[in-house]
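Please look over the model shown below before reading the briefing. The notes that follow are grouped by topic.

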Amino acid sequence: MILNEYDISALIITLKLALSTTFILLVLGTPLSWWLSKTKFRLKFLIDAVIALPLVLPPTVLGFYLLIAFGPDGFIGILLDTLGIKPIAFTFTGLIAGSVIYSLPFVVQPLQDAFKSVGKQQIEVAATLGASPIDRFFTVIIPLARHGFFTAAVLGFAHTIGEFGVVLMIGGNIPGETQVLSIAIYDHVESLEYINAHWLSGILLCISFIMLISIYAVNRKFRIVQS
Amino acid sequence: MSIHAKFQIKKGTFTLNADLNIPAKAITSIFGKSGSGKTTLLRAIAGLDFHKNGYIRIGETVWQDKNIFVPPHKRAIGYVFQEPGLFRHLSVIKNIEYGQKRSSNSKNSMSPGYIIDLLNIKHLLDRQPQYLSGGEQQRVAIARALAYNPDLLLMDEPLSSLDENLKLEILPYIQSLHTELKIPIIYVSHSTDEVARIADHIVILEEGIVKASGLIGEILTSLDFNISRDENAESLVEAIVMDHDNKFSLTYLDSEFGKFTVGQKNLPIGTKVRLRIAARDVSITLAAQTGTSILNIFPAQISKIAPVGRSQVMVKLVSNKASILARVTRKSANILDLAPNKKVYVQVKSVALLA
């Protein structure tokens, strides 16, 4: 194996980051997406736009603002400080926080579409058969939206693995702590260590491709950009 | 026991104003054109939509009044929607068990096995809903609603999403509910045919207002409502199979009106049936005719006459407690000098038997 110690830790950090981010996104994204799929709130378009921002914003811009906010003088930094929590810039926690925001649209959009496709009638039928709202959510909505959950999880995971700009800004590229695969590859190329770069890139390529294959296999009508 | 529902519902320019008192037994049909508010009323009864100031009571149980709103999942209702709405992720048997498991009702208990036989779906139990025909899906949906053991079954045009052949396939099952079930059914429909076949009680809804409510045989022949002055107006007469005539392949039936003769039907003697008689198939004579091929001739008394269009009149004829409509030309009515209380003879050219 050509990979050095830091490459291995970058791989582990990347996977840990992607798994934690995906988990948090599913927990937060499910109620948010459910609400968005049902609400008649007039200003919903504003919320949609905020969630979609990471899709269009250069990751460095997003990372820059998050860095400022997470720093000791930023509003999140001050908020955390009053709660007795250390600033999270340049830490793994900071990476997770940044990744959650960055990958949010990739989880919320498929979930929202999946919830919409469940349809009102199936839920009403369950209600007339004695299922309480929570019962309906777990026995009808989640099973019927399962493809959406799968797609959301895979996209959230894959997108987090692939990020560069945001983690570079917030994480600061500390080997063994906040250095992720994509940044490690960049460092190798800068140092003309093409063999290491090949190995790491190959690993990323395989993971991403396998994930997309599984999404399309499960959900043949899937489109990354929704019309 | 009765069901009392009172709702005043505004939806844009449409207002539904219904105050219904219907018997908590047999089949009540809410009948009206599309847009008359039938589904809105049914959904309000089920609690699927909340409307302020509504009131609904079934027997002793109040589901909604000023201070109470029992959510639909706590009401003992079965609801059959226009579209079957089977759970796509569950097999047929799992669909049926979904409600059965959640039923807290110990009354009216019908075993799933009995329900499955009643709707003839035993061979479908392990299948996924998408591989069922529309008619099969709707039968499963009815079974699923019954397996929940409701105190009241609500059916919202359960046949309207089906083509004519499938309708004829399912109607017998719904008719059988009529005799087999102990619970009341509210059946929403815009089809006179369905209503004539299955309803005992009818509520006529027009543009959000209850125009009539009563026994179907009486409402259909009352001459006060459009339905009894329509081109296709018809009467229903309850009858019992008396005898079969194998020589001529005929069946004799007894009714309030007298003894009807129809083509032989394979029904046991004593079976209760419903005879359906189109007003256009009934003619009136002043004396009992002898030299005629028509077998169904009865004495009756005219109770009411109402105009239909410019050239025709609808005549309501009564014998004992039953009534039959006859549609004749205004000219004939004039020649025969037809008037209320006059004693005449009715000739019924054709009778449809609904069993």
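Predicted model: local features only at pLDDT ≥ 70, side-chain atom pairs only at ≥ 80, totals over all residues.

## Briefing on the two chains

Chain A exposes about 11,900 Å², and carbon and sulfur atoms supply 71% of it, where accessible areas come from the Shrake-Rupley method with a 1.4 Å probe and, for residues, only the protein chains shown count as cover. Residues are numbered from 1 along each chain as its sequence is written, and chains are lettered from A, with ligands numbered from 1, in the order in which they are written.

**Chain A**

- Chain A has 11 helices and 0 strands, these elements being DSSP runs numbered from the N terminus (helices are H or I with at least four residues, strands are E with at least two).
- Along the principal axes, the C-alpha atoms of chain A fill a box of roughly 65 × 45 × 30 Å.
- Of the 227 residues in chain A, 45% are buried, a term that stands for under 20% relative accessible area, with exposed meaning over 50% and partly exposed in between (1.4 Å probe, protein chains only).
- Among the contacts in chain A with a separation of 6 or more, 73% join residues 24 or more positions apart, a contact being heavy atoms within 4.5 Å.
- The 13 positive and 13 negative charges of chain A have mean positions 22 Å apart; Lys and Arg count as positive and Asp and Glu as negative, His and the chain ends are not counted, and the place of a charge is NZ of Lys, CZ of Arg, CG of Asp or CD of Glu.
- A:Ile12, found in helix 1 (residues 5-38) of chain A, has a relative accessible area of 47% and is therefore partly exposed.
- From A:Ile12 to A:Arg42 the C-alpha to C-alpha distance is 44 Å, at a sequence separation of 30 residues.

**Chain B**

- The secondary structure of chain B comprises 8 helices and 20 strands.
- The radius of gyration of chain B is 22 Å, which agrees with the value near 20 Å that a compact globule of 355 residues would have; this radius is taken over C-alpha atoms, and the globule rule is 2.2 Å times the number of residues to the power 0.38.
- The C-alpha trace of chain B spans about 65 × 50 × 35 Å along its principal axes, and buried residues make up 55% of the 355 residues.
- In chain B there are 43 positive and 33 negative side chains, with the centres of the two sets 4 Å apart.

**Positive phi in chain B**

- B:Glu157, which is not a glycine, has a positive phi of about 40°; B:Glu157 sits in the loop between strand 7 (152-156) and helix 5 (164-180) and, at 8% relative accessibility, counts as buried.
- B:Leu223 has a positive phi near 65°, lies in the loop between helix 7 (216-220) and strand 11 (234-245), and counts as buried because its relative accessibility is 1%.

**Interface**

- Chain A and chain B bury about 1,800 Å² between them, with 58% of it on carbon and sulfur atoms, where buried area is the accessible area (1.4 Å probe) that two parts lose on being put together, summed over both.
- A:Gln122, A:Thr128 and A:Leu129 supply 36% of the area that chain A buries against chain B, more than any other three residues.
- The contact takes 22 residues from chain A and 20 residues from chain B.

Notes
Heavy atoms only, no water.
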